[in-house]
Amino acid sequence: MAERQGRANGPAPTAVPFSVWLREIQAALAEEAPADVPCGACNACCRTSHFIHVRPEEKRALARIPRRVLFPAPDLPPGNLVMGYDREGRCPMLVDGRCTIYADRPIACRTYDCRIYAATGVAADRGPIAERVRLWEFTYASREDRERHAAVTAAVRFVGDHPESLPSEAVRHDPLRVAVLAIAVHERFLPNKILLLADGGAGQKTLALHNEFIGSVTPIDGKATAYVCENYVCQLPTSDLATLVQLLGPRQEVPGR
Ligand code: SF4
Ligand code: SF4
């Protein structure tokens, strides 16, 4: 959720260089910099029934938000709060279409960027946001940019095909968390690795004629299972997403854990 001040010089731009956006969203998700969304006059995400998480250390936001609209955050340690919304789904800090605490808005608002839906192809679950998302377009300065975007959408497909490997049931039903997860793991889908789906079908049987190991790859305990091999060394197979992320490279946070 970014600037909702409107722009004096016509509509906000909708075309974004993909690589620039990707760097920005990664920085926003790591909370290194706020999301810089050219929202223009849009305020869709401020009026679509979001509970806004406010952490205990967010003193400036807490000083501006009336206590009566804050509630203990479920499943989080004491001190964590959520800001509710009115009967129309509007944030209580949204007045006359504008954020009245913009300079002190919570981190959840600073890091929100609806372009993540456009980039991942994950459907936004709120109509007004989905409408705005349809306007975003990406441009590509290089082949690598296109490959990165393809890797992001490949990560979404993988998550969709293997919901049982998601960190929790809650993630499966939360499109934003699925999109964030895809951004977090997309580098694993860049085309410098070979990814084989061993489904016991004709493709696996054919490959097994040339490589005995491929024929032995099966799900374990009925769960989708990853077999990671590098430089002719195979790791123990795993059905756990966090373990898979670790096996594939330097540790990354898995959202939802
Ligand atoms: S829905 Fe998107 S464009 Fe609209 S205010 Fe939120 S972040 Fe900005
Ligand atoms: S605090 Fe401001 S930016 Fe955040 S949801 Fe409310 S109006 Fe929008």
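**Figure 1. Residues at the contact of helix 1 with helix 6 in the predicted model.** Phe18, Ser19 and Leu22 of helix 1 meet Asp145, Arg148 and His149 of helix 6. By class, two nonpolar, two polar and two charged residues form this contact.

**Figure 2. Packing geometry of helix 1 and helix 6.** Two packed helices are described by the angle between their axes and the distance between those axes. Helix 1 spans residues 18-29 and helix 6 spans residues 143-161. Their axes lie 9 Å apart, and the packing angle is about 50°. The two helices are therefore oblique to each other.

**Figure 3. The largest nonpolar core of the chain.** This core comprises 44 residues, of which Ile116, Ala179 and Ala182 touch the most other members. At least two core residues come from each of helix 1, strand 2 (52-54), strand 4 (81-83), helix 4 (115-120), helix 6 and helix 8 (175-185). Helix 8 supplies the largest share, seven residues. The core lies between domain 1 (15-137) and domain 2 (143-248), because both domains give residues to it.

**Figure 4. Surroundings of Ala179 in the core.** Apart from neighbours within four places in sequence, Ala179 is in contact with Ile116, Tyr117, Thr120 and Val122.

**Figure 5. The chain as the setting for these views.** The chain contains 11 helices and nine strands. Of its 257 residues, 25% are buried. Among contacts with a separation of 6 or more, 67% join residues 24 or more positions apart.

Conventions
Residues are numbered from 1 along each chain as its sequence is written. Chains are lettered from A and ligands numbered from 1 in the order in which they are written. This is a predicted model: local features need pLDDT of at least 70, side-chain atom pairs count only at pLDDT 80 or more; totals for chains, interfaces and linings use all residues. Axes are lines fitted to C-alpha atoms, for helices over the stretch in contact, and angles run from 0 to 180 degrees between N-to-C directions. Helices (H or I, at least four residues) and strands (E, at least two) are DSSP runs, numbered from the N terminus. Angles under 35 degrees count as roughly parallel, over 145 as roughly antiparallel, 65 to 115 as roughly perpendicular and the rest as oblique. Two residues are in contact if their C-beta atoms, placed from the backbone, lie within 7 Å. Ala, Val, Leu, Ile, Met, Phe, Trp, Tyr, Cys and Pro count as nonpolar, Asp, Glu, Lys and Arg as charged, and the others, Gly among them, as polar. A residue is buried if 20 or more other C-beta atoms lie within 10 Å of its own, exposed if 12 or fewer, and partly exposed in between; C-beta atoms are placed from the backbone. A nonpolar core is a set of buried Ala, Val, Leu, Ile, Met, Phe, Trp, Tyr and Cys residues joined through C-beta atoms within 7 Å. Domain bounds come from an automatic or database domain assignment.
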